[in-house]
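Me: Hi! I have a structure open and I'm new to it. Could you walk me through it?

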Amino acid sequence: MKYSMIVEYVKREISSGNMSSGSRIPSIRDMCNKYECSKSTVLRAYYELKEQGIVYAAPGSGYYIINSCTEAAHTDTAIDFSGTSLDKKSLPYNEFQPFITQAISKYKEDLFTYSDPQGMGQLREALRRHLQNHQIFAGNERIFVTTGSQQALNIMSRMPFPNAKLNVAVEQPTYQGMLECLRQNDVSVIGITRDFKGLDFNALERSFRNDNIKFFYTIPRFSNPLGLSYSNYDKRKILALAEKYNVYILEDDYLGDL
């Protein structure tokens, strides 16, 4: 089949270095002339390459080779685990590019103007359906889109809660960005030890009972910086204490989808 020959040709050219990552592969017309075949045959081959994660389509421009994982690998001898940011070399710029191009083409009249402060309605509806898969049932009116988790943490730190309490309990150690956020907002912080032996539940209950706690900030899965996760038993125990002492739980489940 000629489409299979085209697929193998592109792969050989990449392997030999004649086509490099990020470069444009031959146009559909050029490939039709080279293999004396129809446009649909070439499109089928390029679709196959796209499905295999070898190329991506840029509307109005053509098909381009996706950067390989080997090229994105980190070559430094030292790796910094103190932060949670991705290695910039590993970000899928080429994969994002066609979608960004499509978004600008389709939504150009809306992208660069102010939108609903609560977040785009279509996005909130998509999030509502997504959350349902995790047994979280919230209407669109209860979903707020922020520019990132840090903004959400800042809002939650500053806003009053229905329990009218003022202080915040956090796991110790915890995400440095949250501690800095609380410091800048002049919020009193009570640290609760959480180590490889588990959370200090005695200290947690004393703090809930005596320290006027507005909410308990916790990272349930793969906590920053220790990478710890709660068992279901621990989660139920935290929930029971929060209900007993009228304390809210601010759950920073930043790796939940993984």
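Here is a short chat about confidence, a pocket and a few residues.

Reply: Happy to! This is a predicted model, where local features need pLDDT of at least 70, side-chain atom pairs count only at pLDDT 80 or more, and totals for chains, interfaces and linings use all residues. Residues are numbered from 1 along each chain as its sequence is written, and side-chain values use heavy atoms, with hydrogens and water left out.

Me: What is the mean pLDDT of the protein?

Reply: The mean is 88, and 92% of the residues reach 70 or more. pLDDT is the predictor's confidence in each residue, from 0 to 100.

Me: Where is the pLDDT below 50?

Reply: Over residues 69-75. That stretch has six contacts in the model beyond near neighbours in sequence, a contact being heavy atoms within 4.5 Å. Where pLDDT is low, the predicted coordinates should not be read in detail.

Me: New topic: how much space lies in the largest pocket?

Reply: About 2200 Å³. A pocket here is an open set of points on a 1 Å grid over the protein atoms alone, where a 1.4 Å probe fits, with protein on both sides within 12 Å along at least five of seven lines; lining residues have an atom within 4 Å of a point. The volume is the space filled by probe spheres set on the points, which are joined across faces, edges and corners.

Me: Which residues are closest to its centre?

Reply: Of the 45 lining residues, those are Leu131, Ile136, Leu250, Glu251 and Asp253. Elements giving two or more residues to the lining include α7 (149-158) and β7 (248-251); helices (H or I, at least four residues) and strands (E, at least two) are DSSP runs, numbered from the N terminus.

Me: Now Glu171: buried or exposed?

Reply: Glu171, in strand β3 (residues 167-172), counts as buried because its relative accessible area is 1%. Buried means under 20%, exposed over 50%, and partly exposed in between (1.4 Å probe, protein chains only).

Me: Which side chains have a polar contact with Glu171?

Reply: Thr218 at 2.2 Å and Tyr230 at 2.8 Å. A polar contact is a pair of N or O atoms within 3.5 Å; within protein, one must be able to donate a hydrogen and the other to accept it, and residues adjacent in sequence count only if both atoms are side-chain atoms.

Me: And why does Ser40 count as exposed?

Reply: Because its relative accessibility is 52%. Ser40 sits in helix α3 (residues 39-51), and its side chain has a polar contact of 3.0 Å with that of Ser38.
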